[in-house]
Amino acid sequence: MNTVKEQINIYPLGIFSKKIVEELPYLNMSNNLSKIEELYNYLPSNEQLNELLKDEKYNTSVIAMGDLGIFLVSLKRCKSKIDTTLLEKLLLLCSDFTGLPPRDTYSSYITYNPSNAMRTFTKDSSEIGFIEQHKFSDEAMNRAVELLLEVQNGMYDDLEFKLQLADEAISKLTNENKLVHQRVNPTYFIKYFRDYFFPIDIEDTTYDAPSGVHIANIILLDIAIGTADEHYKNTANKLISYLEPYDKFRIRIAMEETSIKEKFLDNSIKFNLKQLNLIKSIYRKLRIYRYVHQGLVTRYIRNQDPEVTKGTGGFPFDTFLQERIDIVEKAEEDVKRAFMHLDENYFEKKN
């Protein structure tokens, strides 16, 4: 039996949260607008929300915000005519506290979505697989990104170990992406639950849906390893409002530091041949990951509905994904060209 504390963590808004988990997906699938609208009666008061935000952990507050956000999406999808002012005000209060946009976000839908009480729009196994594969992909990068940021910040001890871990993490990330097709049905993806990923306007501001472009670890990886060009950084600055405060902080700091690629090119890092080959391998594997991602988009969107041209993050996905491939190829070529004259004999003489 769950303790009271565990119940709060799983259902932070009490009966409202419970109905979001247990009832909303079935109401969405049956397009039962009147029953969806009835959930409005269970919204928390300002006082209840204040107590929650004051006393609970950050992730619990994000889950609560996600419950409010997923409900707003469901109402708007059904073109409900009820006044959502109270709901939007509650979301804005949560936004002030969490530093996240006032809707469902990557943090609520993916990062902190409880596996034992998963928030979904449809409760279908394909949507659950979609959420869990994103979790696995993100988790694959956590430690590697931490270590790459250390290298970027001048901590060159155990350099080979850090680069090796990053190299392995990108392989794992690619493999997790390849496994998506085993868990997510392409027809179901485009016909049912992707229908809930659309922009929402609150107080004259438009907020995009949860998206893979909001994975902070991928942004940090590109910045630290040196594949992020100025255009990429400008895009990241547009996305930064969708990220958690600590991730915003890490990205802004990383943008101020010289990338690992530049440190190799200007010899700030005294490297050996194995470390150089690891850097090359990281770029090669990151390029492969981009190709796999591009293939997923083709399979799940382009092949299902050619009229869809934008990803859930609001960017035209053809242009966006090709740009990601191009910048990795450029970084890879920069390093190859700079060190094409080096071989084992060079490093033996140097050492």
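This is a predicted model: local features need pLDDT of at least 70, side-chain atom pairs count only at pLDDT 80 or more; totals for chains, interfaces and linings use all residues.
Residues are numbered from 1 along each chain as its sequence is written, and side-chain values use heavy atoms, with hydrogens and water left out.

Overall dimensions next. Along the principal axes, the C-alpha atoms fill a box of roughly 75 × 45 × 45 Å. The protein has 19 helices and 2 strands, which are DSSP runs numbered from the N terminus (helices H or I, at least four residues; strands E, at least two). Among contacts (heavy atoms within 4.5 Å) between residues at least 6 apart in sequence, 78% join residues at least 24 apart.

Now the core. In soluble globular proteins, nonpolar side chains tend to be buried together. Here the largest nonpolar core has 103 residues, a core being a set of buried Ala, Val, Leu, Ile, Met, Phe, Trp, Tyr and Cys residues joined through side-chain atoms within 4.5 Å. Helix H17 (residues 273-302) supplies the largest share of this core, 11 residues. Phe193 is one of the residues with the most contacts inside the core. Leaving aside neighbours within four places in sequence, the contacts of Phe193 include Tyr109, Phe130 and Tyr188, and also Glu127.

On to charges. How many salt bridges are there by this rule? The count comes to 23, with a salt bridge being a side-chain nitrogen of Lys or Arg within 4 Å of a carboxyl oxygen of Asp or Glu. Lys162 and Asp157 form one at 3.5 Å, N to O; Lys162 counts as buried at 3% relative accessibility, whereas Asp157 is partly exposed at 45%.

Helix H18 (residues 317-338) holds both Lys330 and Asp334, 4 residues apart, about one turn of the helix. Their closest N and O atoms are 3.0 Å apart. Lys330 is exposed at 52%, and Asp334 is buried at 16%. Both belong to a salt-bridge network that also links Lys261, Glu262, Glu333 and Arg337. In helix H18, Glu332 and Lys336 are likewise 4 residues apart, about one helical turn, and form a salt bridge at 3.7 Å. Glu332 is buried at 7%, while Lys336 is partly exposed at 37%.

Last, the surface. The protein exposes about 16400 Å², 49% of it supplied by carbon and sulfur atoms; areas come from the Shrake-Rupley method with a 1.4 Å probe, and for residues only the protein chains shown count as cover. Tyr246, Phe249 and Ile253 form a nonpolar surface patch with about 340 Å² of accessible area together. Patches are made of residues with over 30% relative accessible area and no salt bridge, like charges being joined within 9 Å and nonpolar side chains (Val, Leu, Ile, Met, Phe, Trp, Tyr) within 5 Å. Phe249 lies in helix H15 (residues 245-256) and is exposed at 51%.

Methods:
Buried means under 20% relative accessible area, exposed over 50%, partly exposed in between (1.4 Å probe, protein chains only).
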